[in-house]
Amino acid sequence: RAAKLLEELRVVRYDRRGHSRSRRGDAIVTDALHADDAAALIDALGLAPCLLVGSSGGAAIAVEVALRHGHLLRGTVFSEPPLFCLDRAAGRAVMEELVPRLEAATETGGSRVAVDAFFSLICPGLWSLIDESCKDRYRDNADIGFTDLRSPSLDVTADELRAVTIPTLAFAGDSSHPSLRSVARRLALALADAQFVELANCGHVTYAEQPDAFASTVAVFAAELDRRAASTPA
């Protein structure tokens, strides 16, 4: 899906720690560690200040980058980060659905079947779009994927988020899980300079389910950041 953005922007993607081609190492995996990795990569590749785009768990990591390494960023795009610290009732609701499904799937078929159970609930749109070879990439990353799911995530208040002044675009899908839509809206309201966009006929994985709408909205946002930079005195 990055090809859609390549029409307008230079795009750098990476496998985060423990996923696919990136080694896990010995450190305890947390969103904070993933955020430090992302910041180190941005710095090492000389990309700063860049526009950081994250979806789902990647968006939660991107929020942490904005909080702790904001000097590396000129803008951020957050698509439905599962930051249930912003809506704890929503977090409880989704976990009450998810945990029994994962436990039953793991008991009957192991971690790879649990991956299917997870995506069937949280990302049914994506799971219906991709073929088995693509699904196998997620299944092959089951161990680190569920490690990430169980790892400590960012615990931040709306008041703390207001200190983030980086221009932000926050996405949600109109048919995504209500808990995830709630968090996306609350995140946008908490940030000092944020636009909220809800994509029509779209679930949780916005960039895959509505790639044209997602890419065009991000490209317009990037152009706006360029105009802001050009109008700012040196």
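Modeller: Thr-76 touches Leu-51, Leu-52, Ala-66, Ile-166, Pro-167, Thr-168, Leu-169 and Phe-221, leaving aside residues up to four places away in sequence; contact means heavy atoms within 4.5 Å. This is a predicted model, in which local features need pLDDT of at least 70 and side-chain atom pairs count only at pLDDT 80 or more, while totals for chains, interfaces and linings use all residues. Residues are numbered from 1 along each chain as its sequence is written, and side-chain values use heavy atoms, without hydrogens and water.

Thr-76 belongs to strand β2 (helices are DSSP runs of H or I, at least four residues, and strands runs of E, at least two, numbered from the N terminus). Because its relative accessibility is 0%, Thr-76 counts as buried (under 20% relative accessible area with a 1.4 Å probe, protein chains only; over 50% is exposed, and in between is partly exposed).

Helix α2 itself has 14 residues and spans 20 Å from first C-alpha to last, close to the 20 Å expected at 1.5 Å a residue (that is, 1.5 Å times one less than the number of residues). After α2 comes Gly-46, with a positive phi near 65°.

Of the elements covering α2, α3 can be described in more detail. The axes of α2 (residues 31-44) and α3 (residues 57-68) come within 8 Å and cross at roughly 65° (axes are lines fitted to C-alpha atoms, for helices over the stretch in contact, with angles from 0 to 180 degrees between N-to-C directions). The two helices, α2 and α3, are therefore roughly perpendicular (65 to 115 degrees; under 35 is roughly parallel, over 145 roughly antiparallel and the rest oblique). Their crossing is right-handed (the near helix is turned clockwise from the far one by less than a right angle; anticlockwise is left-handed). From α2, Asp-31, Ala-32, His-34, Ala-35, Asp-36 and Ala-38 meet Ala-60, Ile-61, Glu-64, Val-65 and Arg-68 of α3. This contact of α2 with α3 has six nonpolar, one polar and four charged residues (Ala, Val, Leu, Ile, Met, Phe, Trp, Tyr, Cys and Pro are nonpolar, Asp, Glu, Lys and Arg charged, and the others, Gly among them, polar).

The contact of α5 with α8 is made up of six nonpolar, one polar and no charged residues.

Helix α5 also packs with α4 (residues 88-109), at about 150° and with axes 7 Å apart. Helices α4 and α5 are therefore roughly antiparallel; their crossing is right-handed. On α4, the residues are Val-94, Glu-97, Leu-98, Arg-101, Leu-102, Ala-105, Thr-106 and Gly-109, which meet Ser-111, Val-113, Ala-114, Ala-117, Phe-118, Leu-121 and Ile-122 on α5. They divide into ten nonpolar, three polar and two charged.
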